[in-house]
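Biologist: I'd like to learn how to read a model like this one. Can you take me through it feature by feature?

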Amino acid sequence: MPGQEVLILYADVLAFLNFALDFLCLWICAKVAMRRFIGWRVVLGALTGALYALASVSFSAFPLTLQLLFHLLSACLICLIAFPTKGIRPKQFGKTLFVFLFTEAGMGGVITAAYYIGHRRATAAGIIALALLFGGALVLYGLYCRKKVYARNMKIEITFGETRVHADLLVDSGNLVTEPFSALPVVILSASVLPSPLNKPDLESSPVPLRAIPIRTGTGMGLLYGFIPDSITLCPPFEKHRRVDAVIGIDTDNTDFAGCDGLLPGALL
C-alpha cells in the first residue's frame with residue numbers, strides 16, 4: 001500500500017551476521033563459563049544459529065510466548081552442539097545456557113540501540129565491529145570475576161595412558177591427606193568424572209595400579225582407592241599452567257563438592 005513501510009531482508013546478509021554474532025557469543029560463553037573451546041563444534045553451533053535465524057523470520061505470526069519458547073529451545077540446541085556434554089552436570093549446562101542467553105540478549109540490545117541511534121544506517125561491518133567491542137568488554141568482566149574466585153577454585157588436567165580428564169576442584173587447605181608410601185598429597189576426585197572402569201575402582205579390572213589411601217571421615221577411618229597419574233596440571237586463569245606431583249584419590253560416595261568435582265590440597269598451590 002502507498003506510504004506503508006516495507007522491510008527487506010537479505011537472506012545471505014542475515015545468515016552471515018547471525019553466524020558471526022553466534023560464533024562470538026559462543027566464544028565469550030566458553031571464556032566466561034569456563035567451557036572447552038573446540039573450534040569445529042563452535043562453528044557447527046554458530047551455523048545452527050544462522051539457520052535458525054533464517055527460519056525464525058516466519059515465526060512473526062506466532063504468539064510471543066511461543067516465539068520465546070522457540071528461541072530458548074534453539075539456544076539449548078546451539079549450546080549442546082557447541083560444547084562437549086560428556087561428564088557435564090545439569091547445573092554446569094544451566095550456567096552455560098544462562099551465559100549464552102545473557103550474552104546474546106546484551107549484544108542484541110546494544111546493536112539494536114546503536115542501529116536506531118544511527119538512524120538505521122548501520123552496515124554489516126559496523127554491526128560486527130560493535131559486537132566485537134561489546135564482546136571484548138564482556139570477556140574482560142568475566143575474566144575479572146573468574147580472577148576473584150581463583151583462590152577458591154582451580155581447574156586441573158589429569159592424564160594417564162591415552163586418557164585425559166578435566167576437572168574443576170575446590171581448594172581445601174584442610175585437605176592434609178597423603179599417600180602412605182610416597183607421602184604425596186592426595187587430590188580427592190569424584191568417581192563420576194573418571195571414565196569406566198575407574199569410576200568403580202577394582203583391583204582386578206583397573207587400567208592403572210591402585211593403592212589404598214587411609215582417610216579420616218566424620219564417622220571414623222576409611223579407605224580410598226587411588227593412583228599416581230602420568231601428570232597433573234594446574235590451570236589457573238591469567239597464569240602459566242604448571243605440573244604438580246600428587247596422587248588421585250577416587251571418591252565413590254560424593255559426586256558434588258560445593259559445585260565442584262573434588263578437593264585440591266591447598267599445599268599444591
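Modeller: Let's start with naming: helices (H or I, at least four residues) and strands (E, at least two) are DSSP runs, numbered from the N terminus. Residues are numbered from 1 along each chain as its sequence is written, and side-chain values use heavy atoms, leaving out hydrogens and water. This is a predicted model, where local features need pLDDT of at least 70, side-chain atom pairs count only at pLDDT 80 or more, and totals for chains, interfaces and linings use all residues.

Biologist: Fine. Which helix holds Asp22?

Modeller: Asp22 sits in helix α1, residues 11–32.

Biologist: And is Asp22 buried or exposed?

Modeller: Buried means under 20% relative accessible area, exposed over 50%, and partly exposed in between (1.4 Å probe, protein chains only). A salt bridge is a side-chain nitrogen of Lys or Arg within 4 Å of a carboxyl oxygen of Asp or Glu. For charges, Lys and Arg count as positive and Asp and Glu as negative, while His and the chain ends are not counted. Asp22 is buried and has no salt bridge; Arg41, the nearest side chain of opposite charge, is 15 Å away.

Biologist: What does Asp22 touch, then?

Modeller: Contact means heavy atoms within 4.5 Å. Leaving aside residues up to four places away in sequence, Asp22 touches Ala46, Gly49, Ala50, Phe100 and Glu104. The buried residues of α2 include Ala46, Gly49 and Ala50.

Biologist: How many salt bridges does the structure hold?

Modeller: Side chains of opposite charge can pair when their charged atoms come close. Here there are 2 salt bridges. Arg164 and Glu157 make one of them, at 3.0 Å from N to O. Arg164 counts as exposed because its relative accessibility is 53%. Glu179 and Arg211 also pair, with their closest N and O atoms 3.4 Å apart. That pair links distant parts of the chain, 32 residues apart: Glu179 is in the loop between β2 and β3, and Arg211 is in strand β4. Glu179 has a relative accessible area of 0%, so Glu179 is buried. Arg211, at 30%, counts as partly exposed.
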